[in-house]
Amino acid sequence: MGELMNLQLKIAEGDESAFEEIYLRYHRKLQLFAQGFVKSTEVAEELVADVFVKLWCRREEAAQIQNLTVYLYTSVKNLALNALSYEARRFVTQSLDMVETDQENTGCSPHDLLVTSEMMQRMQLAIDQLPERCRLIFKLIREDGLKYKEVAEILNISVNTIDAQMAIAVKRLCSSLGVTRDGKKEAYLSF
């Protein structure tokens with residue numbers, strides 16, 4: 001039995017520490033995922049909180065969830081789409097910038113940090129320029145570490161579509177970053 005299933009069983013028995021562990025493991029990723037839909041940090045926080053409140057309120061059923069990761073992402077997606085639908089009906093438009101993720105300082109030399117920072121900025125710009133669906137799939141797989149099958153279930157599309165979108169993403173990112181087929185990088189920075 002997997003670690004997640006053990007935590008789910010503990011949650012079903014009312015174990016708050018198991019619930020907290022699930023919360024800490026998924027909260028940030030789910031919030032960023034929700035922000036991709038609603039473009040608001042506050043709304044994304046509320047949606048994720050609602051999903052976790054629902055999970056705790058219905059904790060007796062937690063052990064019956066086949067794949068907790070897919071369940072959480074799908075729940076957040078559905079709430080986000082409902083929120084967007086509600087806002088559209090009210091003719092309210094809101095556009096907030098997404099929060100940038102923190103980059104860890106690795107203790108490199110100032111030159112290395114500058115080069116790394118510039119490369120990260122170029123990488124984020126290249127990711128931001130991907131088509132919306134392609135960008136969402138790329139982030140779920142590369143940043144959140146989900147499997148193709150899980151993303152396919154969450155987005156209700158085929159694994160082949162995921163594979164095709166990832167191929168497009170990698171090709172465009174390599175092109176934007178100047179990485180050639182043999183894995184070498186073209187020089188962009190001149191000092």
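**A buried aspartate, salt bridges and helix packing**

In the predicted model, Asp144 is located in the loop that connects α6 (132–143) and α7 (148–155). This residue is buried, yet Asp144 takes part in no salt bridge. The nearest side chain of opposite charge belongs to Lys29, at a distance of 5.6 Å. When neighbours within four places in sequence are set aside, the residues in contact with Asp144 are Lys29, Tyr73 and Lys139.

Side chains of opposite charge can pair when their charged atoms come close. A search of the whole structure identified three salt bridges. In one of them, Glu3 is paired with Arg25, and the closest N and O atoms are 2.7 Å apart. Glu3 has a relative accessible area of 48% and is partly exposed. Arg25 is likewise classed as partly exposed, at 30% relative accessibility.

Arg25 also forms a salt bridge with Glu21, with an N to O distance of 3.5 Å. Here both partners, Arg25 and Glu21, are found in helix α2, where they are four residues apart, or about one turn of the helix. The relative accessible area of Glu21 is 34%, which means that Glu21 is partly exposed.

The remaining salt bridge joins Arg58 to Glu61, with 2.9 Å between the closest N and O atoms. Arg58 is partly exposed, its relative accessible area being 40%, and Glu61 is partly exposed at 37% relative accessibility. Through salt bridges that share partners, Glu3, Glu21 and Arg25 are joined into one network.

Two packed helices are described by the angle between their axes and the distance between the axes. For α1 and α2, the angle is about 130 degrees and the axes lie 8 Å apart. The two helices, α1 and α2, are therefore oblique to each other. On the α1 side, the contact is made by Glu3, Leu4, Leu7, Lys10 and Ile11. On the α2 side, the contributing residues are Ala18, Phe19, Glu21, Ile22, Arg25 and Tyr26. Among the residues of this contact between α1 and α2, seven are nonpolar, none is polar and four are charged. Glu3, Glu21 and Arg25, the members of the salt-bridge network, are included in the contact.

Backbone geometry was considered for two further loop residues. Lys39 is not a glycine, yet Lys39 has a positive phi of about 60 degrees. This residue, Lys39, is placed in the loop between α2 and α3 (41–57), and at 30% relative accessibility Lys39 counts as partly exposed. A positive phi of about 60 degrees is also found at Asn156, which is not a glycine either. Asn156 is situated in the loop between α7 and α8 (159–177). With a relative accessible area of 68%, Asn156 is exposed.

Methods. Residues numbered from 1 in each chain as written. Predicted model: local features only at pLDDT ≥ 70, side-chain atom pairs only at ≥ 80, totals over all residues. Heavy atoms only, no water. Salt bridge = Lys/Arg side-chain N within 4 Å of Asp/Glu carboxyl O. Buried < 20%, exposed > 50% of the residue type's maximum accessible area, 1.4 Å probe, protein only. Axes fitted to C-alpha atoms, helices over the stretch in contact; angles between N-to-C directions. Parallel < 35°, antiparallel > 145°, perpendicular 65-115°, else oblique. Contact = heavy atoms within 4.5 Å. Nonpolar A, V, L, I, M, F, W, Y, C, P; charged D, E, K, R; others polar. Lys, Arg positive; Asp, Glu negative; His and termini not counted.
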